[in-house]
Amino acid sequence: MIGASTRHVDPGATLRIHSSVGREIDKTENSLRRYVMGMGVDPALVDATTKVPSRSFRGLSRGEMERFGIETRGVHETPWFAYHGPVGEFLLLKSVTYPTGDTGDEYRTRTVGLACSPFHPSIRFMYQQELTAKESRTPPMIRAKIGDSLFNLSTLNLQKNLIEKSVDLEPRQLQSAIETGSFEITEMFDQSMIKTPSRVVRFSTFGLSSNIVALESKCASKSNPSQ
């Protein structure tokens, strides 16, 4: 259900959840939380499934579908999510889903992430954007306002329907963004190629400060393995 960019649940439909079955469930569920968040859905949905026995099920109310962001409607922003991946990977992630297209009945999700940079003590800021078919032919330039600083993000990865960009931040720049209250991303298209106006997408930094200490500690230990 949540694998699509645009999702609608028929008024007469019932959506049911239950926990998974098998070994290493905790590891599987953590990977699932990251996937769910990347689709613009609150990872708390996975936590809700763990409370329902695998041989049973529970139907979600309309209020829960809206709160989790299962059905795309308007703008939906997930909370910050701390992802503990394999081989010590640690990321702080958040996504925002926006209506797009001429009629506003299509949706695309943008994701920001914070991770350790190879250039300690910098923190790597990453931006991932789903592209429409029209946008994928002429991907946008991405500019980020982080605190009082402006950055043109460099491309990490470019796929057919997805673009990933990044920039390395000094700790003070990241702290400035937390105090400002949001990361502001501007997507700018080549108007000679595609008549899509520039878009501004904001990601709230509310709740980020409580996770930054853990990220900075992780980065420090990676740069100095003897610690």
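This is a predicted model: local features need pLDDT of at least 70, side-chain atom pairs count only at pLDDT 80 or more; totals for chains, interfaces and linings use all residues.
Me: Why is Thr186 called buried?
Reply: Its relative accessible area is 18%. Buried means under 20%, so Thr186 qualifies. Thr186 lies in strand β12.

Me: Which residues does Thr186 touch, beyond those up to four places away in sequence?
Reply: Met141, Ile142, Arg143, Ser198, Arg199 and Val200.

Me: What makes β12 and β13 a pair?
Reply: A pair needs at least two bridges. Here 6 bridges join β12 (residues 182-188) to β13, so the two strands pair. They run antiparallel. Glu187 stands opposite Arg199 in β13.

Me: What is the strand order of the open sheet?
Reply: The order is β9-β8-β12-β13, with antiparallel pairing.

Me: Why do β9 and β13 count as edge strands?
Reply: Each has a single partner strand, so one side of each is left without a neighbour in the sheet. Neighbouring strands here are turned by 20 degrees against each other on average, direction ignored.

Me: Which helix lies across β8, β9 and β12?
Reply: Helix α5 (residues 171-180) does, running at about 100 degrees to β12.

Me: How do you know that the side chains of Arg199 and Glu135 make a polar contact?
Reply: The limit for a pair of N or O atoms is 3.5 Å. The value for these side chains is 2.6 Å, so the distance is within the limit. Arg199 lies in strand β13. Leaving aside neighbours within four places in sequence, its contacts also include Thr100, Arg110 and Gln129.

Me: What separates the C-alpha atoms of Arg199 and Gly59?
Reply: A distance of 37 Å, with the two residues 140 residues apart along the chain.

How values were computed:
Residues are numbered from 1 along each chain as its sequence is written. Side-chain values use heavy atoms; hydrogens and water are left out. Helices (H or I, at least four residues) and strands (E, at least two) are DSSP runs, numbered from the N terminus. Axes are lines fitted to C-alpha atoms, for helices over the stretch in contact, and angles run from 0 to 180 degrees between N-to-C directions. Contact means heavy atoms within 4.5 Å. Buried means under 20% relative accessible area, exposed over 50%, partly exposed in between (1.4 Å probe, protein chains only). A polar contact is a pair of N or O atoms within 3.5 Å; within protein, one must be able to donate a hydrogen and the other to accept it, and residues adjacent in sequence count only if both atoms are side-chain atoms.
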